Amino acid sequence: MTDHLLLRGAPLRKKILNEVGAKLRELEKRHVIGRLVSICIGQNDGASIYIRNQMRAAKKVGIPFEKQFWHGNISQGDCKERIAALNDDSQVVGVILQRPTPEHINLRSLQSAIHPLKDVEGMNPASIGNIVYNDLALAPCTAAASIELLRQTGLRLEGLEVVMIGHSEIVGKPVAFMLMAEGATVTVCHHLTRSLAAHSRQADVVIVAVGKPKLIRADMIKPGAAVIDIGINQVVDENGNVTIVGDVDTKGVLEVASWVTPVPGGVGPVTVAMLMRNTLDAFNLQIKNGWVS
Ligand code: NAD
C-alpha cells in the first residue's frame, strides 16, 4: 500500500481554518461576532466527539462557542421556542443541531425552525433547496467538504463521470446537485440500484455515503479513479475493540485507485472546517442584512 495515494483531510482543514481565521480578524475590526451554539438533545454518545471537534475548530479561528445539552424529554414545542430565542439573539451567530435526536423529536421541523441566516450546517430545507438553483450561500458541510477534497486531486470537474452512492437529503443529493453545478456528469446509486459495480466501474470519481463497512471493493473501481469515502461506521473486532471505518475497503481500493480518502482522517476533519467557513459566511450575511452592528 503506498501512502501518497491517501487523500488526507488535515492539510485542507488547516488551510480552510487559517483562511477563515484571517478573514474573521479583518471583519472584527468593525464588527463583533456572536457565539456559535451547538445543541445536543438527550443521550447521544457519538455527539460528544463531534462537539469537541467543533469547539476546537471554533477556538482555532476565534469564534466564541457554546454547547447546550437539552433534556431527552424536552417537547418539540419547547425545542422550537428555544430555537426561536436563539434566532432572535443578536449575540448568536449560528446554531448547530446534533443528530440523531430522540424519537419523539421531528428533526426536519427543528432544522426548518433555525433561521436560514443562522443555519451554519446548511440543513434548513431552504438552504438545501437553494442548491438546486446553484445558490450555495450556506451549503451542507459534509457535501461541501467532499467536493473540496475532490478539488485537491486537481481533476477538472467539468465533464467528469461521478458516481454518488447514497441519496440522503443531507449528503448524497446535495453532493449530486453541487457537482452537476460544476459540470460533472453525475449518476446517483442507492439501495435499490440493481448493479452498483456496473456503475461504479465506469466512474472517474466514486463518492460513497451509505454506512456499510467495505461496501466498496477494489473490483468495483476503475483504475486511476478518485474515491471519496464519507461513511462512518463503528466495527467491533474479535477482541471487542471498537474502530471507526468508512464504506470503502481502503487497503484494497488503494491498489487500483489514484486517490482514496481515509476514514478517519479524510472527509470528517474537512467537514468541521466547512462548518467554520459557513459560520463566517453566515456572519457576513448577517452584517449585510443589518443584523450586526
Ligand atoms: P442515510 O441512512 O440517510 O442514507 C443511506 C443511503 O445509502 C441511502 O441513500 C440508501 O439508499 C443508500 N444505501 C443503503 N444501502 C445501500 C447499498 N447496499 N448500496 C447502495 N446504496 C445503499 O445515511 P446518511 O445520513 O447519508 O449517512 C451515510 C453515511 O455517511 C453514514 O455512515 C454516516 O455516518 C456518514 N456521514 C458522515 C459525515 C461526515 O462528516 N463524514 C456526515 C454525515 C454522514
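User: What is the relative accessible area of H115?
Analyst: In this predicted model, local features need pLDDT of at least 70, side-chain atom pairs count only at pLDDT 80 or more, and totals for chains, interfaces and linings use all residues. Residues are numbered from 1 along each chain as its sequence is written; side-chain values use heavy atoms, without hydrogens or water. H115 is partly exposed, a class between buried (under 20% relative accessible area) and exposed (over 50%), with a 1.4 Å probe and protein chains only. For H115 the relative accessible area is 30%.

User: Which residues does H115 touch, not counting residues up to four places away in sequence?
Analyst: H115 is found in the loop between α4 (107-113) and α5 (125-130). Helices (H or I, at least four residues) and strands (E, at least two) are DSSP runs, numbered from the N terminus. The C-alpha atom of H115 is 8.7 Å from that of I83, 32 residues apart along the chain. Contacts (heavy atoms within 4.5 Å) link H115 to N87, N124 and W291.

User: Is K59 buried or exposed?
Analyst: K59 lies in helix α2. Its C-alpha atom is 9.8 Å from that of G21, 38 residues apart along the chain. With a relative accessible area of 72%, K59 is exposed.

User: How many residues of α6 are buried?
Analyst: α6 is mostly covered. Its cover includes α1 (10-27), α7, β6, β7 and α10. Among the buried residues are C141, S146 and E148.

User: Which residues of helix α7 are buried?
Analyst: α7 spans residues 172-181. Cover for its buried residues includes α5, α6, β4 (161-165), β5 (185-189) and β6 (205-208). After α7 comes G183, with a positive phi near 95°. The buried residues of α7 are G172, P174, V175, A176, M178 and L179.

User: How many bridges join β6 to strand β7?
Analyst: β7 covers residues 226-229 and runs parallel to β6. V205 stands opposite A226 in β7. The bridges joining the two strands number four.

User: Where does the largest pocket lie?
Analyst: A pocket is an open set of points on a 1 Å grid over the protein atoms alone where a 1.4 Å probe fits, with protein on both sides within 12 Å along at least five of seven lines; lining residues have an atom within 4 Å of a point. The domain assignment, automatic or from a database, gives two domains, with C-alpha centres 28 Å apart. Both give residues to the lining, so the pocket lies between domain 1 (32-115) and domain 2 (141-269).

User: Which helix gives the largest share of the lining of the largest pocket?
Analyst: The lining has 41 residues, with Y50, T142, I230, I232 and G268 nearest the pocket centre. Elements that supply at least two residues each include α2 (47-61), β3 (92-97) and α6 (141-151). The largest share is six residues, and these come from α10.

Terms used: Two strands pair if DSSP finds at least two bridges between them.
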